[in-house]
Amino acid sequence: MFTFHQMKHIFEILDKMRCLRKRSAVSFLGVLVIFLLFMNLYMEDTYVLERDKQLLRETSSHQLNPERYVHKFKDLSNFSGVINVTYRYLAVTPLQRKRYLTIGLSSVKRKKGNYLLETIKSIFEQSSYEELKEISVVVSLSDFNSSWRETMIQEITKKFAHHVIAGRLMVIHAPEEYYPTLDGLKRNYNDPEDRVKFRSKQNVDYAFLLNFCANTSDYYLMLEDDVRCSKNFLTAIRKVITSLEGTYWVTLEFSKLGYIGKLYHSHDLPRLAHFLLMFYQEMPCDWLMPYFRTLLAQKNVIRFKPSLFQHMGYYSSYKGFDNKLKDDDFEEESLDIPDNPPAKLYTNMNVFENYDASKAYSGADEYFWGKPPTTGNIFLIVFENPIIISKIKVTTGTLDRQNEILHHGVLDVGEEATTSKIGKQCVTYLRLGAFRNGNFEMSDVNQKVPFNIHCIRIHVTKTQKEWLIIRSISIWTS
């Protein structure tokens, strides 16, 4: 029988294998999915379709023949397909078209406080009219208490009737009969039995919510039911997605707290739903998530600042315990998010480990790190297409490495990139200015440059003994 930690070790071995097969991600993903299916052999519980409830009971009581189980599981499981659940539609107007983003919320009755209505209000109030056309909000009332659900649906439809009618707000419920057993579960981490039951049910709540949302939009954003949003958060998210065009990712994080502000491709939702159901009793959902993205070959966290979502509740949904966690990277008015159009990045500096050039441009909480640069070293950005730039900002060094800045350098812009032996680069450049105290910032660039910009070049003008961190390169377009 495999333990979860043994499985984690095997995942780490598989991740090393992934490095050898980086160019064959699709075929390797198939191997990972098959491997994950076999990992299900050890589970005391699993979710299966209605016609296989007997198989679930046999699995739970450890009476199942392993060989027979493998055969049946192969027939039943389809990680790319949705789970067969008949939802109750508490307030739904059918979507007329697929949206850009679905925002999912799961909510249960709390012993203290109720923040769901404020969360829904924040989503709509912080979105412009144009943004509202591109989002749908799905609320799953996941408590088994029917009286509470009836009360909540009355309040939601009364307060947000126009959003329900417009198809922007849907309220659903997954019936209790579809849930796996929630009693007698493994008590990992010495959690009390009621805590294990709570967090295990929450995993299933989220799985059924993800399953419902699989085909409603291009992207899916998970929020909790006690969250405040920043102004125009959808525009900020869209900018990030555009800047990552051509880059492989599984999960993008727009908050560092819990299961708040986690973004997925909608086509990954069925796999994520199956994953949560498979390991629902192992650990809380926000602890499971790193294993999911690693399984799909995203090794590192990709988190963006400022955070777009803030936890606003004071009491946990578990027993009403105090929960006053705050995201100190949250900004209510996150309007100055850079556009960072798709581009290729090059440098002839000596890069340290995996702190490559692209990390300075990604917008995530990461940076480029190189060994001491010498006169003539360059850091080059070549855009996919020439663009009109309104503002450029480059920041070097960090708070804990304040001397690892660019001490002597200039920034140039170029037009008409051509292909060379080292890749695309511009032939002629216009100098915009020098770095001051390791930073460069210029507004109204489009009024100072008489052409559309195809390249930006950071040029080292004097050798330095300190290493160099380029923390962020931010580009705003007109």
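Here are some questions and answers about helix packing and salt bridges in this predicted model.

Q: How do you know which residues the numbers refer to, and which parts of the model count?
A: Residues are numbered from 1 along each chain as its sequence is written. Local features need pLDDT of at least 70 and side-chain atom pairs count only at pLDDT 80 or more, while totals for chains, interfaces and linings use all residues, and side-chain values use heavy atoms, with hydrogens and water left out.

Q: Why are α5 and α7 called roughly parallel?
A: The axes of helix α5 (residues 116-125) and helix α7 (residues 146-159) cross at roughly 25° and come within 11 Å. Angles under 35 degrees count as roughly parallel, over 145 as roughly antiparallel, 65 to 115 as roughly perpendicular and the rest as oblique. The two helices are therefore roughly parallel to each other.

Q: Which residues of α5 and α7 meet?
A: From α5 come Leu116, Leu117, Ile120 and Lys121, and from α7 come Met152, Glu155, Ile156 and Lys159; contact means heavy atoms within 4.5 Å. By class, five of these residues are nonpolar, none polar and three charged.

Q: What makes the pair of glutamate 125 and lysine 121 a salt bridge?
A: A salt bridge needs a side-chain nitrogen of Lys or Arg within 4 Å of a carboxyl oxygen of Asp or Glu. Here the closest N and O atoms are 4.0 Å apart, and the pair forms a salt bridge. Both residues lie in helix α5, four residues apart, about one turn of the helix.

Q: Why does lysine 121 count as partly exposed?
A: Buried means under 20% relative accessible area and exposed over 50%, with partly exposed in between (1.4 Å probe, protein chains only). Lysine 121 has 27% relative accessibility, so this residue counts as partly exposed.

Q: Is glutamate 404 buried or exposed?
A: Glutamate 404 has a relative accessible area of 13%, so this residue is buried. Its salt-bridge partner is arginine 401, with the closest N and O atoms 3.3 Å apart. Arginine 401, at 33%, is partly exposed.

Q: What forms a salt bridge with arginine 431?
A: The partner is aspartate 412, and the closest N and O atoms are 2.9 Å apart. This pair links distant parts of the chain, with arginine 431 in strand β15 (residues 423-434) and aspartate 412 in strand β14 (residues 409-420), 19 residues apart. Aspartate 412 counts as buried, because its relative accessibility is 2%.

Q: How many salt bridges does a search of the whole structure find?
A: The search finds 14. Arg110, Asp225 and Asp226 are linked in a network of salt bridges.

Note on methods. Axes are lines fitted to C-alpha atoms, for helices over the stretch in contact, and angles run from 0 to 180 degrees between N-to-C directions. Ala, Val, Leu, Ile, Met, Phe, Trp, Tyr, Cys and Pro count as nonpolar, Asp, Glu, Lys and Arg as charged, and the others, Gly among them, as polar.
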